[in-house]
Amino acid sequence: MIDPGLDVLVGGGLVWLAWSLLRDPDLVRAAMTFIVFGLLLALAWVRLDAPDIALAEAAIGAGVTGVIVLDAARSLPRPPVRAAWPAAAPAAALAALAGVGVAGAIVAMPDGSPGLAPLVASELGETGVDHGVTAVLLAFRSLDTWMEIAVLLFALIALGTLLRTWAPLPSVPREGQDPLLSWFGRVIAPVAVLGAGFVLWLGTSEPGGAFQAGALLGALVIVLVLSGLASPTGLPPGVLRGLAGVGAAAFVVLAVVGALVEGRFLRTPPGIAGEAIVVVEVAIALSIGLGLAGLALAPRRKPR
Amino acid sequence: MSGSPDEVRVYALVAAALIGLGLHAVLARPHLLQKVLGVNVTGAGVFLLLVAIARRNGDDPPDPVPHAMVLTGIVVAVSVTAFAVAVIRRYAERTGSAELPAPEEDPSTR
């Protein structure tokens, strides 16, 4: 249903929420507004026919980022002493110039351009999957996805080095202290695991795939720890990092196999391309899930 | 939901506004967490721009390449946010404040 009024509402809401959260002296409230902003952004993705991104934005952009920012807002010294630096008028001018420049470029764009969509559609058959975004992520631009998993791992390792002298956040409530959260954790666990597997499998032909499945798994781990059903220090850090590294390892295997069998780095043998992609996606989902949970729960782990 | 040019333009202009707002927060807000929020809002604006541009096909399915880029970008953005928050936390522990001194007060800029 085409309803331009809805787009104006969503877009206006996004701008208003962003303006409001960036000038809010109460950082906890700003963090909560940021989570709402992320959810409204997920609606914008749906309006722009990007369901894969909508799934990921709601879980990762609003959810995991929201947890990180909310934790920070609660534990950092607050509130800001003044609203903005007085000498920052040039900054406002620069920002306005950037915004106006982008807006000018947008208005000057010619209408309707196919982009790379026809190229993707014509090469889709060789990849073994039927969904364009999955094919781009796992076949055409698999190097980018590999590097992104590496970035996630680097962030985890960097957090680990900074953790050594942290005072951890107040201890997680033991199971039973918050009955609603414990009940929710128990009920949602099998649903989330099943849902993640389903979304991953679905990604080969419909919106879905490794990122969204990984986000579900990560969210599940966060809920389990926050409800006291699992301990953040339960697994030895080596095991956690090892599991998080499974995604990168899968890419290394794929790259080597591709080089040996097909003569080209990261090229999957066409016969088993579909199956190889699903295997790599499982590894990626595991990496992303544990990586995201690790990023969000890091402040709660006791320093060594 | 076909990508009518007006719909695309609405979101592209919203993206421009978000980029401007986020940039201003990064440059002018004193509290470090506000700067991080500004980076995230700018990122959201850039992603919105990419997806709006991908939607310019008219009645055809949108271009999947920018979608893949935005998916990758979301994960990178959360990694950067987590690391930035960790560094801010260390800075706050060391100096007792999570704000940078204003440019006119900073002795190192003399």
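**Aromatic pair**

I searched the whole structure for aromatic pairs and found one over all chains; rings of Phe, Tyr and Trp (its six-membered ring) pair if their centres lie within 6.5 Å, and planes under 30 degrees apart count as stacked, over 60 as edge-to-face and the rest as tilted. F34(A) and F37(A) form this pair, which is stacked, at 6.2 Å centre to centre and 25° between the planes. The two residues are about one helical turn apart because they sit three residues from each other in helix α2 (residues 27-47) of chain A. Helices here are DSSP runs (H or I, at least four residues), numbered from the N terminus. I noted that F34(A) and F37(A) are both buried, where buried means under 20% relative accessible area, exposed over 50% and partly exposed in between (1.4 Å probe, protein chains only).

**Conventions and confidence**

This is a predicted model, in which local features need pLDDT of at least 70 and side-chain atom pairs count only at pLDDT 80 or more, while totals for chains, interfaces and linings use all residues. Residues are numbered from 1 along each chain as its sequence is written, chains are lettered from A and ligands numbered from 1 in the order in which they are written, and side-chain values use heavy atoms, with hydrogens and water left out.

I read ipTM 0.92 and pTM 0.88 for the model. Chain B has an average pLDDT (the predictor's confidence in each residue, from 0 to 100) of 85, and 89% of the residues score at least 70.

**Nonpolar core**

I took a nonpolar core as a set of buried Ala, Val, Leu, Ile, Met, Phe, Trp, Tyr and Cys residues joined through side-chain atoms within 4.5 Å. The largest one has 100 residues, and F37(A), W45(A), L295(A) and L48(B) touch the most other members. Helix α3 (residues 64-95) of chain B supplies the largest share of this core, 12 residues.

I then listed contacts (heavy atoms within 4.5 Å) of L48(B), leaving aside neighbours within four places in sequence; among them are W45(A), L48(A) and Y11(B).

**Interface**

The contact takes 93 residues from chain A and 78 residues from chain B.
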